[in-house]
Structure formats: C-alpha cells, structure tokens
Amino acid sequence: LCQIRDARTGAVTLAFPYDGDLPDRVEGRFVYSVRGEGGGLFVLEPPQKTPHRLLDVGHWVRAVAEGVAVIDTYDDDNRFGRLIAVDLASGAVLWEDAGGPNFALAVDGGELAAAVAVDEKRLAMTLRDLRTGRVRWTAEPVVAEDVTPLIAADCVLGSVFGERIEIYDRASGRRVQTLDEESSLVKGGCLDAAGLIDVAARV
C-alpha cells in the first residue's frame with residue numbers, strides 16, 4: 001500500500017495498493033515499476049484507483065525526468081538488457097536501444113548516462129540524448145559485473161560495487177581517472193551540495 005502524506009501534518013491524502021517500488025511523482029501522477037511476470041511500467045493518475053500500464057516489460061531499473069521514463073530490462077538472468085524510453089504524456093515509446101548491467105540510470109540536463117553490456121565480462125558507459133536516444137559517446141569498455149552511473153557537473157561517474165569508481169569526461173567520454181574504492185551507497189554514491197557522498201561497502 002502506497003500512502004501519500006501531508007509533510008506538515010502526517011495526514012494521509014492518498015493511498016493505493018500496488019506491487020512495485022517507491023513511485024516517482026510527476027505532475028500529480030505516480031510512476032512505478034513492477035518486476036517479473038505481469039510486470040511493467042505503470043502510471044496512476046489520482047483520483048483514479050486503477051493504474052495504467054505504459055509498458056508490459058518487467059524491470060527494476062528506471063529513471064524519470066523531463067516528462068520521459070527510461071527503463072533498463074537488465075536483470076540477474078539477462079545481462080544484455082534493453083533501454084526503452086517512454087513519453088509520459090502520450091504513452092508512446094520514444095526510442096529503444098541496447099542496455100546492460102545498470103543498477104540505476106542517471107539523467108541531467110536532457111542527457112542519460114547508462115552502461116551497455118559489451119560481453120559477459122565487460123560493459124561500456126554511454127551518454128545519450130534523453131528524448132531521442134542519440135548516443136553522444138560510448139566509452140572504452142571496462143571489466144565490471146554491473147555499474148551505477150552518476151552525472152556530476154562535467155563528469156560521468158560509474159560506481160562499480162565494492163571495487164572502484166570510474167570517472168569520464170562528460171563532453172568526450174574519455175576515462176580520466178579510476179578511484180579504487182570499496183564503496184556502495186546502495187551500490188553507488190549520491191550527489192548533494194557538498195559533493196559525492198559514498199559509504200564503504202564493508203562498514
């Protein structure tokens with residue numbers, strides 16, 4: 001049961017049953033994902049009680065920004081997933097392309113950072129236009145099981161769980177630094193005004 005509460009009073013303003021992760025709120029609508037058989041990408045528009053299915057592809061990784069939802073169909077049984085972008089206003093699929101072992105997707109300034117599976121052991125970070133899917137660059141492949149992308153100012157970061165953080169130039173895709181760091185804040189760091197916050201994996 002998802003409950004929406006008034007932040008000041010704690011009063012429940014909306015509640016609806018669903019089988020998925022924590023929803024994204026987009027202009028009063030709620031977007032969420034469901035894995036496995038019968039899964040997909042769903043939108044609930046209050047005061048309606050029944051969600052609308054935008055995609056019937058089960059997944060657990062998505063990014064929602066600028067009126068677009070992008071999913072990656074990667075899971076433990078399928079390293080070679082697909083990236084699928086959907087316009088939330090119309091429900092139309094905007095583009096589809098190769099995906100991969102992404103633990104999350106990152107969006108900033110109309111750009112999407114995501115990894116693509118190259119083979120069973122390697123992946124390559126990409127940066128592309130969010131709405132069109134046009135690839136701006138694809139970085140040299142690295143050995144990694146999966147990755148958590150982050151976009152930070154003029155850099156794209158790839159957190160490889162328990163091992164390292166790869167840092168790429170946002171303009172060119174050139175790998176400029178590798179930080180050996182046994183780190184994970186749910187398999188990747190996060191950004192705030194202070195910078196990159198991360199947590200040692202074994203603490």
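Four strands make up an open sheet in the order 16-17-18-19 with antiparallel pairing, where two strands pair if DSSP finds at least two bridges between them, and strands are themselves DSSP runs (E, at least two residues) numbered from the N terminus. Strand 16 (148–152) and strand 19 (175–180) stand at the edges, each with a single partner strand, so one side of each has no neighbour in the sheet. From one strand to the next the twist averages 20°, taken between axes that are lines fitted to C-alpha atoms. The model is a predicted one, in which local features need pLDDT of at least 70 and side-chain atom pairs count only at pLDDT 80 or more, while totals for chains, interfaces and linings use all residues. Residues are numbered from 1 along each chain as its sequence is written, and side-chain values use heavy atoms, with hydrogens and water left out.

Strand 16 is joined to strand 17 (residues 155–160) by 5 bridges in an antiparallel run, and Ala152 has Cys155 in strand 17 as its bridge partner. Strand 17 is in turn joined to strand 18 by 6 bridges, again antiparallel, with Gly158 bridged to Glu166 in strand 18; the hairpin of these two strands has 3 residues between them, and Gly162 takes a positive phi near 70° there. Between strand 18 and strand 19 there are 5 bridges, also antiparallel, and Ile165 finds its bridge partner in Leu179 of strand 19. The hairpin of strand 18 and strand 19 has 5 residues between the strands, with Gly173 in the turn at a positive phi of about 85°. Strand 18 (residues 164–169) is mostly covered, since 5 of its 6 residues are buried, that is, under 20% relative accessible area with a 1.4 Å probe, counting protein chains only.

Another open sheet of 4 strands has the order 7-8-9-10 and antiparallel pairing. Its edge strands are strand 7 (61–65) and strand 10 (93–98), each of which pairs on one side only, and neighbouring strands are turned by 15° against each other on average, direction ignored. Strand 7 and strand 8 (residues 68–72) run antiparallel and are joined by 5 bridges, and Arg62 has Ile71 in strand 8 as its bridge partner.

## Surroundings of Thr126

Thr126 belongs to strand 13 (residues 122–129) and is buried, with a relative accessible area of 1%. Its side chain reaches the backbone oxygen of Ala114 at 2.7 Å and makes a polar contact with the side chain of Arg128 at 3.5 Å; a polar contact is a pair of N or O atoms within 3.5 Å, of which, within protein, one must be able to donate a hydrogen and the other to accept it, and residues adjacent in sequence count only if both atoms are side-chain atoms. Leaving aside residues up to four places away in sequence, Thr126 touches Leu112, Ala113, Ala114, Val116, Trp137 and Thr138, contact meaning heavy atoms within 4.5 Å.

## The chain and its confidence

The secondary structure of the chain comes to 0 helices and 21 strands, and 44% of its 203 residues count as buried. The mean pLDDT (the predictor's confidence in each residue, from 0 to 100) is 87, and 89% of the residues reach 70 or more.

Definitions and conventions
Buried < 20%, exposed > 50% of the residue type's maximum accessible area, 1.4 Å probe, protein only. Axes fitted to C-alpha atoms, helices over the stretch in contact; angles between N-to-C directions.
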